[in-house]
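Hi everyone, thanks for making time for this.

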Amino acid sequence: MIHKIKEGWKRTALSLLGVSVFSLLWNITEAQVRYTIPEELKEGFVVGNLAKDLGFDVSDIAHRKLRITSESSGQYFRVDSEKGDLVVNGRIDREGICAQSGSCLLQLQVVIENPLQLHRVEIEVQDINDNAPNFHTKDGVLKIPESSSTGARFPLESAEDLDVGSNSLSSYSLSKNDFFRLNVKTLKDGRKVPELIVDKPLDREKQSVHKLILTALDGGNPVKSGTALVQIIVQDVNDNEPKFEVSAYKAQVHESAVAGSNVIQIKATDLDEGSNSEVEYYFGAHTTDSVKRAFSVNPDTGDITVLGHLDYEITKSYTFDVCAKDKGNPALEGHSPVHIDIVDENDNAPEIIFTSLPSPVPENATIGTVVALINVRDLDSADNGKVEINISPNFPFKLKPSFDNHYSLITDSRLDREVKSDYNVKIIAHDSGVPSLKSEKVVNVKILDVNDNPPIFAQPSYSVYVKENKQAGNTLISLKAFDTDTDKNALVSYSILDSKMNQVPASSYFYINSENGTLYTMSSFDYEKIKMLSIIVQAKDNGSPSLSSNATVHVFIVDQNDNAPAVIYPSALMGSVSHQRLPRSAKAGHLVTKVTAVDADSGHNAWISYRLAEATDASLFTVSLHTGEVRTKRSVSEQDDSSQRLLIEIKDNGEPVQSTTVTLDILIEDAFHEPISDFRHKNPEPDQKSGKITLYLMISLASVSFLCLVTFFVLLIKCARGSRGSSTCCIRRSDGESKNHNRNLQIQLNTDGPIKYVEVLGGDMMSQSQSFGSYLSPMSEFSDFTLVKPSSTTDFTNTLSVLDASLPDSTWTFESQQVRGKAQILIRCPTLKLSM
Ligand SMILES: *[C@@H]1O[C@H](CO)[C@@H](O)[C@H](O)[C@H]1NC(C)=O
Ligand SMILES: *[C@@H]1O[C@H](CO)[C@@H](O)[C@H](O)[C@H]1NC(C)=O
């Protein structure tokens with residue numbers, strides 16, 4: 001209706017209708033005139049005809065001086081004095097005049113004169129929607145923790161609308177978004193307050209700022225609105241744990257890595273912000289001590305470094321958890337497993353272990369006998385742990401692999417304790433790492449003795465000399481046999497092997513100390529009976545079975561000068577006289593006779609010298625020192641006595657000297673004489689004296705024969721040796737045709753002119769046939785003997801060495817020569833020359 005009025009006021013055609021409306025109102029209020037106008041009318045707008053409405057005649061108005069007197073409201077209106085119209089005089093702002101009060105009435109007092117009358121006019125100013133809702137803060141910030149639950153409410157700033165009534169603020173709206181909605185709360189006084197409600201959980205990490213537009217609307221027509229920007233800042237809450245970049249870490253580190261070496265860097269990120277995103281690194285809660293000893297984690301950088309000593313052989317890999325922790329409150333943690341492989345290095349030398357210590361090996365052990373069991377190991381792996389094993393070369397051992405890294409040390413060749421009694425076998429093991437490591441062990445292998453060596457004498461034979469006639473119980477020699485074995489295998493005992501000597505057991509002559517091999521005599525010896533004895537001494541060890549060896553001991557009886565020379569020719573004994581003849585015509589140097597003597601002793605003791613001791617006429621005769629030849633010194637003269645007596649002393653060379661004498665009666669004859677043809681015929685009747693001579697001769701011959709026999713052996717053996725070489729040797733044997741068919745002692749004198757020789761035949765003294773010839777060469781300084789060994793003699797070789805050594809006086813020389821196709825061996829000593 002008001003609207004209509006206003007329209008009406010705009011169009012004069014409708015003004016009447018409007019007046020009637022006001023009049024109607026007037027009428028209602030009776031004494032008062034009341035107008036209703038909207039606010040903000042233009043100046044000059046005619047509100048109404050006041051004169052008429054107050055019941056005055058318009059024509060009177062002019063002189064009745066109609067005017068407005070109220071001061072407060074008077075400024076908005078004036079009265080047209082001509083027509084009596086109430087006209088808008090200034091801007092009527094309802095909000096300025098009445099603020100927010102519901103109705104706005106302006107009171108006007110109108111005065112009219114003639115008669116003076118006072119009227120009151122009321123003008124109601126009606127609101128129009130001329131104000132939009134308005135926010136005081138256009139750009140507000142609201143902080144909401146992201147942890148706010150859905151439904152949480154946060155008050156927003158209210159808007160203000162100056163209009164009243166329906167034109168005042170009526171509703172709010174919020175710009176479209178996913179997280180918030182708006183709630184408008186109406187307070188008791190009717191004010192409407194907007195609230196922001198969290199509609200969906202917030203996540204700062206997804207959207208940290210939300211910008212919303214809050215719109216306030218009034219109820220006017222058309223509607224007016226006002227907006228404010230609400231910026232919602234989602235406050236961080238520590239709702240994200242740090243996250244590692246990889247789900248599991250893997251790394252490798254060499255076992256030799258020193259403390260401080262970097263292994264790997266771990267990194268975790270935290271979506272939160274600020275201290276909620278500041279990450280520190282730690283070991284996981286259940287990390288073992290071994291890991292903590294080996295590695296450390298830098299809390300700030302996440303570097304995992306080596307802390308302690310790594311050893312592949314103890315731990316091949318480490319697996320543990322790392323934890324990243326933020327600094328929020330409460331702090332959140334993230335975890336990740338870390339696997340660190342330790343890379344093997346060749347840091348372990350191979351080890352040599354004896355599973356069984358070397359046992360001593362008997363020297364006769366067969367090849368392949370196990371000596372020791374060896375195991376090698378290397379803690380490293382792969383090539384670093386692959387071990388090769390060797391032993392020092394040139395030892396009679398080798399290694400035989402069995403299984404895995406087990407070996408047997410076995411013998412490889414024959415052992416001989418006597419050559420080497422123990423071995424220090426060096427065992428060398430080296431691995432295949434680069435560089436290779438090696439280790440060595442020396443093992444001592446002892447070789448056990450086996451009785452494989454007999455005791456050995458230093459010489460196969462020994463020669464000892466014992467003087468004849470010496471008392472029994474003499475130490476002859478200490479024999480020593482060495483046994484290279486040890487202990488009881490080398491414990492030697494000595495014994496004499498009972499061999500028969502001349503039908504008498506050797507043990508009856510000698511005794512040997514079985515412990516130290518000292519050999520004693522048990523009887524005295526007579527050189528003239530026994531010249532040499534050979535005994536076999538056996539040395540026997542104590543092994544099982546025992547071994548033995550023999551040595552021959554040749555015991556030579558050394559001659560003592562216990563026999564005086566015995567005169568063989570002339571057959572004069574004990575000073576008895578021998579008769580010789582000499583022609584008075586004999587010239588100087590005429591051989592009268594030859595004295596021949598023998599000595600049962602040998603060597604020097606048997607060297608006989610002749611000397612003229614006494615003579616009737618010492619100027620007439622001389623005796624050859626060596627040959628015993630008695631010769632004239634000068635021509636026999638007529639003055640010389642026809643009977644001459646010579647005393648010839650015959651001495652041996654022994655100590656003390658033994659001597660004998662022979663007396664020669666020489667008859668110097670003037671006439672020619674018959675030579676003595678046969679000594680036997682000369683003395684045909686065997687008387688007492690010749691019997692004695694025969695006995696002495698027999699003794700002498702026996703002695704000489706023995707010497708000859710011995711010498712003969714020497715020569716024969718020399719021959720035997722020589723025949724092995726290129727030279728030939730002929731042994732002349734005396735056959736039956738030799739002159740010894742007469743078994744009796746026979747002395748033949750060859751008296752063909754001077755006596756040239758004496759030949760002694762036969763004689764069965766030592767049950768050995770022999771012949772003995774003494775060739776007497778007048779010009780020789782030596783005696784020549786021809787020795788003929790009878791054929792019955794055997795076994796020369798046995799005495800070979802004996803005879804070599806049997807001549808204590810090395811002035812003896814041997815030589816062989818060919819005489820008329822026959823071998824002759826000459827034995828020479830200074831005074832003797834034996835030939836064969
Ligand atoms: C051997 O033993 C005997 C008796 O005990 C002792 O008289 C002799 O001197 C010893 N001989 C050696 C060479 O030891
Ligand atoms: C030692 O001599 C004896 C007797 O002649 C003999 O039986 C034995 O075999 C000899 N031993 C050795 C080792 O020659």
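Predicted model: local features only at pLDDT ≥ 70, side-chain atom pairs only at ≥ 80, totals over all residues.

E43 covers residues 532-541, and E44 covers residues 548-558. The two run antiparallel, and nine bridges join them. If you want one pair to look for, find Val537, which stands opposite Ala551 in E44.

E43 has another partner too. Strand E38, residues 492-497, pairs with E43 in the antiparallel sense, this time over six bridges. Here the pair to find is Leu497 and Ile536: Leu497 stands opposite Ile536 in E43.

Keep your eye on Leu497, please, as we turn to the ligands. Which residues surround ligand 2? They are Leu497, Ser548, Ser549 and Asn550. Strand E44 gives the largest share of that shell, with three residues.

Now for ligand 1. Its surroundings are Ser478, Asn513, Asn516, Thr518 and Tyr520. That shell divides into four polar residues, one nonpolar and no charged.

Start at Asn513, where a polar side-chain atom lies 3.0 Å from an oxygen atom of ligand 1. Next comes Asn516: an N or O atom in its side chain is 2.4 Å from an oxygen atom of the ligand. For Thr518, the ligand's atom is a nitrogen, and it is 3.1 Å from an N or O atom of the side chain. How much of the accessible area that ligand 1 has on its own does the protein cover? The answer is 34% of 360 Å².

Let's move on to a couple of sheets. The one I'd show you now is an open sheet of three strands in the order E19-E23-E22, with antiparallel pairing. Its edge strands are E19, at 262-265, and E22, at 295-297, and each of these pairs on one side only. Ignoring direction, neighbouring strands in this sheet are turned against each other by 20 degrees on average. Between E22 and E23, residues 303-306, there are three bridges.

E50 pairs with E51, residues 629-632, over three bridges in the antiparallel sense. On this pair, the bridge partner of Thr622 is Arg631 in E51.

Next, the disulfide. How many does the structure hold? It holds one, and it joins Cys98 to Cys104, with 1.6 Å from S to S. Why do we call it right-handed? The torsion about the S-S bond of Cys98 and Cys104 is about 65 degrees, so the disulfide is right-handed.

As background, most peptide bonds are trans, and most residues other than glycine have a negative phi. Now look at the peptide bond from Asn114 to Pro115: it is cis, with omega near -15 degrees. Pro115 sits in the loop between strand E6 (104-112) and strand E7 (117-126). Then go to Asn221 and Pro222, where the peptide bond is also cis, with omega near 0 degrees. Pro222 is in the loop between strand E15 (209-218) and strand E16 (225-235).

The last stop is Ala382. Is its phi positive or negative? It is positive, near 50 degrees, in a residue other than glycine. You'll find Ala382 in the loop between strand E28 (370-377) and strand E29 (387-391).

Terms used: Residues numbered from 1 in each chain as written. Chains lettered and ligands numbered in written order. Heavy atoms only, no water. Near = heavy atom within 4 Å. Polar contact = N/O pair within 3.5 Å; in protein donor to acceptor, adjacent residues only side chain to side chain. Areas by Shrake-Rupley, 256 points an atom, 1.4 Å probe, with all protein chains shown as cover. Nonpolar A, V, L, I, M, F, W, Y, C, P; charged D, E, K, R; others polar. Pairing = 2+ DSSP bridges. Helix = DSSP H or I, 4+ residues; strand = E, 2+ residues; numbered from the N terminus. Axes fitted to C-alpha atoms, helices over the stretch in contact; angles between N-to-C directions. Disulfide = S-S within 2.5 Å.
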